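Thanks for coming. I have a few minutes on one structure, so please look at it first and then I will go through it.

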Amino acid sequence: MAKNKVELGCAQLRGTFMLSGKVTGRFSNSFYADGDTKNGGSYRRVHFGVEIEEDKIVYLDLFGSTQDQVYFSKTVKGADGKNNTTTKSVKWADRFKTSKQLFGEDGYRLIGVTCGCKKVIDAKGKEINDRKYLTPFDACDEIQNLNDGDSVFIRGNIIYKTYNGQHRIEFEPQQVSLCKEIDFEDVDFKPNAQFTQPIVCMNVAKNEETPGEAVVTAKIVNYSSIEETELYVRNAGLAKNLKKLGEYTYIKVFGDIVIDGQAEEITESSEWGMPNKMERVASQFKRKLLITGADPETIDKEAYSKEVIEKAMDVIANIQNAKNDYGKSDNNENDWGGKPNMNSNFDDEEDDFDLGI
C-alpha cells in the first residue's frame with residue numbers, strides 16, 4: 001500500500017479504472033463547455049458516455065484549466081536496475097514544445113492526459129492514432145475529435161466527491177484512445193470495464209433491493225476530504241470474508257463496473273396522431289462498482305484505524321472552519337475472489353450471507 005502521507009495524516013486511496021466501448025453523447029449540449037475561472041484563467045470541460053455493452057453506458061468527466069506551469073517527466077533505468085524518474089517544470093506558454101527544445105534531450109513527456117482521438121498516416125503508410133500528451137485543458141479540446149460510435153479504450157482515475165449532500169462517483173480519463181472496432185453482437189464479445197480501489201471497509205450487509213447481492217460500505221480518503229461510498233459483492237464467500245474484517249480495515253479490492261437494469265421500450269401517444277416509440281435508457285440503469293476480488297495481503301488494521309480517521313476528520317473540520325471564517329470576508333483464492341466471476345463454496349451456517357447464489 002502507498003506510504004506517502006498527505007496532510008490528513010494518512011495516505012490518499014486512489015482508485016483507477018479502464019474500459020472499452022463506443023462513444024455516445026458527442027453531440028449533446030452537455031458534451032463540451034468552456035469559460036473563465038474566478039482567478040482570471042480559462043477552463044474547459046467535457047462530459048460524454050461510453051457504451052460498454054448495448055444500452056449500458058458509463059459517463060466520463062474531464063475538467064482542465066490554465067495554470068502557471070506544467071510538468072514533464074523522464075524515467076530511466078539505473079545501473080542498479082531501478083527506475084529513476086526526473087521531473088521538470090515548464091511555463092504554461094511552453095507546454096507544446098518538445099523535450100529536445102526545452103531541455104536539450106529527448107525522452108521527457110508532459111504529465112497529463114494521453115490522447116489518440118484521431119487517425120494519421122505514419123511514414124510507412126500505416127494508419128495509426130495521432131498520440132498526444134496534453135494537459136487536461138488541452139485534452140478537452142482534443143477529445144472533440146471523437147464521434148458517436150467510435151470504438152475507444154479509456155483508462156483513468158475514480159473521483160469521489162460530495163455535492164449538495166449527495167455522494168458522487170466520477171470517472172476522470174487519463175488516456176482516451178481509438179481502438180479496434182467493437183461489435184456488441186459478436187458471439188465472442190465480452191464487456192471490458194474494470195476498476196481497482198483501495199478502501200477503508202466499514203460494513204457489509206445484504207442488499208435488500210437486489211437478491212444475491214451485498215453492499216460494502218467504505219470510506220475513501222482524498223487529499224483533503226474523506227468520502228463515503230458503496231460497492232457491491234455477489235460472491236458469498238468474498239462477502240463473508242470482507243465482513244469479518246471489521247470496521248476501519250484497509251484492503252485493496254478490484255472488480256467490474258456494471259450497469260444494472262434494462263432499457264424499457266414504451267409507446268406514447270402523440271398529439272400529432274402517430275405513436276412515438278422510444279427507449280428510456282439512462283433513468284432505468286444504476287452504475288455499480290462490483291467487487292469480484294480482494295487482496296488479503298494488503299489488509300491493514302492500523303493505518304486507517306478509527307483514531308486515525310477521526311483525527312483526519314478533525315483536520316478537515318478545522319480547515320473548513322478556517323475557510324468559513326475567512327469566507328465571511330469573502331484468502332484462499334476462492335473466498336478472496338482471485339478470479340472474476342468465480343463460484344464460491346461457502347458455509348452459510350454461521351452468518352447471514354446466504355445470498356441465494
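A charge sits over a ring if NZ of Lys or CZ of Arg is within 6 Å of the ring centre and within 35 degrees of the ring normal. Keep in mind that this is a predicted model. One case is Lys288, whose charged end sits over the ring of Tyr232, 4.7 Å from the ring centre. Another is Arg95, with its charged end over the ring of Trp92 at 3.9 Å from the centre.

Phe72 counts as buried, because its relative accessibility is 4%, and the cut-off is under 20%. Ring pairs also bring Tyr108 into a cluster with Phe72 and Phe103.

Trp92 pairs with Phe137: the centres are 5.8 Å apart and the planes at 65 degrees, so this pair is edge-to-face. Here Trp92 sits in the loop between strand S6 and H1, while Phe137 is in helix H2, 45 residues apart. Both Trp92 and Phe137 are buried.

Last, the strands. Which strands does S17 pair with? S14 is antiparallel to S17 over eight bridges, with Thr196 opposite Phe254. S20 also runs antiparallel to S17, joined by ten bridges, and there Gly255 has Ile291 as its partner. In S17, residues 249-260, nine of the twelve residues are buried.

Technical notes
Residues are numbered from 1 along each chain as its sequence is written. This is a predicted model: local features need pLDDT of at least 70, side-chain atom pairs count only at pLDDT 80 or more; totals for chains, interfaces and linings use all residues. Side-chain values use heavy atoms; hydrogens and water are left out. Buried means under 20% relative accessible area, exposed over 50%, partly exposed in between (1.4 Å probe, protein chains only). Helices (H or I, at least four residues) and strands (E, at least two) are DSSP runs, numbered from the N terminus. Two strands pair if DSSP finds at least two bridges between them. Rings of Phe, Tyr and Trp (its six-membered ring) pair if their centres lie within 6.5 Å; planes under 30 degrees apart count as stacked, over 60 as edge-to-face and the rest as tilted.
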